[in-house]
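Please open the model in your viewer and keep the selection tool at hand. The stops below are meant to be followed in order.

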Amino acid sequence: MTRPRILCVDDEPNVLDGLQRTLRKKFDVTTSPGGEAALARLAAGESFEVVVSDMRMPSMNGTTLLSRFRETAPDTVRLLLTGYAEIEAAIAAVNQARVFRFLTKPCPPEVLIPAIEEAAEQHRLVTAERVLLEQTLVGSVRALTEALALSRPEAFMGQARQHERARKLAERLRVPDAWHVEVASMLGSIGFVVLPADIVAKMHAGSSLDASEREMVKRLPEVADRVLAHIPRLDNVKEVLKHQLFDVPKEAFTANPPIGSLVLAALRELAAAEARLGDYTLAVAHMRTRANRFGATLLDAMEAVCEPPAPATRPMRVVELRAGMVFASDVKAQTGLLLVARGQRATEPLLERLRNFAFRVGIVEPVHCEPEG
């Protein structure tokens, strides 16, 4: 069983040594000689179940440090060690940093260890609930979009790759609860089902829309918001969709939209550039000209995580297709009906639909696919 990872912060080396000796039998203990060093660990990507901080430190007191932890690593449970003369400061810490417990110094092991165990359990409960929420909602929304893609394939052209890119980019940028951005990406796609097919085709091709078409597109976030109205605890997803910049007007960027909204807008513009220019490298170069809108940090992260479509594709018959493959070209029935738009990832229900069409109507073969991801 993995031991909880605990960070102890104090400006006195002897105190840190004592905490290390007291706690190391039950916890994985890391120490930092002050607030700046503790925050540097967070900036370097380290994570902790519990942080235990002294109140009185010369350059950054415990309230300030734990408030920064609350902002940067909100899941880390915060404990504060105070002297008897610092009760008012401890009360301020409870209000500002939302500390789990504050303990008076000197704190004997029989008091300190149970307090840290309870803090670690609190961390486990909070993270377990969030993981359950994430997995349940992401899975439910993914199932919904896959089902809609069977009936309106043109509305979901390339969306499987876009969802994956959204998640990776949000994680790269360390967006809190990055799964919100992935869910927003999927729900944003749901809005496309209300658009006429010709407008969807123009958007995917990166073509300009006229005034009436832009008005239709601007209402898409409202569609997704109505879908979300019956799903609790998705306020952050709603905020991303509320500010989603479908036509990316220049004036919209003065409103300081959430980073998740910018992620989706940047990925949508990248996809449109890929379709228009026919080349991923040229599309990335085009995005570099948009640094004034998206910022160099976002564009650097996007280039780092967004892999181009696989250059080598395989011509295959329907019976050879497997779940996980990405369609490199549209799949059509012999009648000309679009069954699967390029860029979608094959799922078992989708393959079942193709097999049924191949048997009853006939499908244009071969089908070009990328390897399984």
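Is Glu46 buried or partly exposed, and what is its relative accessible area? Select Glu46: with a relative accessible area of 24%, the residue counts as partly exposed, because buried would require under 20%. Bear in mind throughout that this is a predicted model.

**Stop 1**

Arg5 is partly exposed, at 22% relative accessibility.

**Stop 2: the whole chain**

Of its 373 residues, 46% are buried. Colour by atom type on a surface view: the accessible surface is about 18700 Å², and carbon and sulfur atoms supply 53% of it. Among contacts with a separation of 6 or more, 62% are between residues 24 or more positions apart. The structure contains 15 salt bridges.

**Stop 3: helix H15**

Select residues 296-305, which make up helix H15, and show the side chains of Leu298, Leu299, Ala301, Met302 and Val305; these are buried. They lie on the same side of H15, because they cover an arc of only 160° around the axis. The general rule behind such a pattern is that an α-helix has 3.6 residues a turn, so residues three or four places apart point the same way.

The buried residues of H15 pack against helices H6 (159-172), H12 (259-277), H13 (280-288) and H14 (291-294).

**Stop 4: from H15 to H13**

Select Glu303 and Arg288. Their side chains meet in a salt bridge with an N to O distance of 2.7 Å. Glu303 is in helix H15 and Arg288 in helix H13, so this pair ties together parts 15 residues apart in sequence. Glu303 is partly exposed at a relative accessible area of 41%, and Arg288 is partly exposed at 34% relative accessibility.

Stay on helix H13 and pick Val284. Val284 counts as buried because its relative accessibility is 12%. Beyond residues up to four places away in sequence, Val284 touches Leu270 and Glu303.

**Stop 5: across to H12**

Which residue lies ten positions along the chain from Val284, with 8.3 Å between the C-alpha atoms? Select Glu274 to see that pair. Glu274 is in helix H12 and is buried, with a relative accessible area of 15%. Apart from neighbours within four places in sequence, Glu274 contacts Arg165, Asp279, Tyr280, Ala283 and Pro309.

**Stop 6**

Select Glu269 and Arg290, whose side chains form a salt bridge of 2.8 Å, N to O. Glu269 is in helix H12, while Arg290 is in the loop between H13 and H14, 21 residues apart.

Key
Residues numbered from 1 in each chain as written. Predicted model: local features only at pLDDT ≥ 70, side-chain atom pairs only at ≥ 80, totals over all residues. Heavy atoms only, no water. Buried < 20%, exposed > 50% of the residue type's maximum accessible area, 1.4 Å probe, protein only. Helix = DSSP H or I, 4+ residues; strand = E, 2+ residues; numbered from the N terminus. Arc of directions from axis to C-beta. Contact = heavy atoms within 4.5 Å. Areas by Shrake-Rupley, 256 points an atom, 1.4 Å probe, with all protein chains shown as cover. Salt bridge = Lys/Arg side-chain N within 4 Å of Asp/Glu carboxyl O.
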